[in-house]
Amino acid sequence: MTVHNLSKENSIVNHFLAELRNVNIHNDRMRFRKNIERIGEILAYEISKSLHFSSEELETPLAKTTSNLIDDEIVICSILRAGIPLHNGLLNYFDWADCSFISAYRYQTPEDEFEVNVEYLASQSLDNKVLILADPMLATGQSILATFEALTRVGLPKEIHIVSVIGAQPGIDFLKGKLPKDTKLWIGEIDPELNKKGYIVPGLGDAGDLAYGEKLQK
């Protein structure tokens, strides 16, 4: 898996990430969602550089010219519910893309381990398409893996791009041994560790709760 970490260079992404993390700012839900959406747009731009283009003739009011346009068929798949703002950012740029949605929730086993259940999937065929799998927080990596395994039932993509806002190095290392080796990860920033509950440290907390309100725990 190839990792593209935007935090390695200074950019406006650093500003958006700081607001997402800051406890004095990130409880503003609208601003939180908007910052994730903005990072999604920037990551979409970075992904676009790796896609396939072909030249197409078009006509302006003054003359004919040619432009290079993206050839690939793209499917954006987001993990509900935290992935929705990130999905919107990606879709703002890849506005012709097909969209898939999947639910994945994590629970703790009696052995004090984490497992992930996938209960809902709505997707087009992925055969020979570019799959962009969006999950804002890449923690243990298990949600991404469970989602990818579920998606294999609806086709084999020609390219796989994982998009996250913040990730933990242990989760990224876990995925490197589980996903196809030509998978690309596009991420805003990578944090060093996970706590005992599997949350990213320093992270930002629960992205879904911050975006949409706290959920009932069952």
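**Entry 1: threonine 183**

I began with the side chain of threonine 183, which reaches the backbone oxygen of proline 180 at 2.8 Å. I note that the model is a predicted one. Next I looked up where threonine 183 sits. It lies in the loop between helix 5 (169-176) and strand 10 (184-191). Is threonine 183 buried or exposed? Its relative accessibility is 0%. Buried means under 20%, so threonine 183 counts as buried. Then I listed its contacts, leaving aside neighbours within four places in sequence. Threonine 183 is in contact with Met1, Thr2, Ile160 and Ile162.

**Entry 2: leucine 131**

I moved to strand 7, where leucine 131 is found. Leucine 131 has 1% relative accessibility, so it too counts as buried. Which residues does leucine 131 touch, not counting those up to four places away in sequence? I found Val75, Cys77, Leu126, Leu151, Pro157, Glu159, Ile160 and His161. I also checked leucine 131 against alanine 97, 34 residues apart from it along the chain. Their C-alpha atoms are separated by 10.0 Å.

**Entry 3: the nonpolar cores**

I looked up the largest nonpolar core and found 34 residues in it. Leu20, Phe32, Ile74, Phe94, Ile132, Val165 and Leu204 have the most contacts inside this core. Which elements each supply at least two residues of this core? I wrote down helix 1, helix 2, strand 4 (74-80), helix 3 (84-93), strand 7 (130-134), strand 9 (159-168) and helix 6 (207-212). Helix 2 gives the most, with six residues.

I then took up valine 165, one of the core residues named above. Not counting residues up to four places away in sequence, valine 165 touches Leu17, Leu20, Ile36, Ile39, Leu86, Asp135, Pro136, Ile187, Gly188 and Glu189.

Last, I turned to the second largest pocket. How much space lies in the second largest pocket? I noted about 150 Å³. Helix 1 (12-21) and helix 2 (29-48) are the elements that give two or more residues to its lining. The residues that line this pocket are Asn5, Leu6, Lys8, Glu9, Asn10, Ser11, Ile12, Val13, Ile42 and Glu46. I sorted the lining by class: four residues are nonpolar, three polar and three charged.

Definitions and conventions
Residues are numbered from 1 along each chain as its sequence is written. This is a predicted model: local features need pLDDT of at least 70, side-chain atom pairs count only at pLDDT 80 or more; totals for chains, interfaces and linings use all residues. Side-chain values use heavy atoms; hydrogens and water are left out. On a 1 Å grid over the protein atoms alone, a cavity is a set of points where a 1.4 Å probe fits but cannot get out, and a pocket is an open set with protein on both sides within 12 Å along at least five of seven lines; lining residues have an atom within 4 Å of a point. Grid points are joined across faces, edges and corners, and a volume is the space filled by probe spheres set on the points. Helices (H or I, at least four residues) and strands (E, at least two) are DSSP runs, numbered from the N terminus. Ala, Val, Leu, Ile, Met, Phe, Trp, Tyr, Cys and Pro count as nonpolar, Asp, Glu, Lys and Arg as charged, and the others, Gly among them, as polar. Buried means under 20% relative accessible area, exposed over 50%, partly exposed in between (1.4 Å probe, protein chains only). A polar contact is a pair of N or O atoms within 3.5 Å; within protein, one must be able to donate a hydrogen and the other to accept it, and residues adjacent in sequence count only if both atoms are side-chain atoms. Contact means heavy atoms within 4.5 Å. A nonpolar core is a set of buried Ala, Val, Leu, Ile, Met, Phe, Trp, Tyr and Cys residues joined through side-chain atoms within 4.5 Å.
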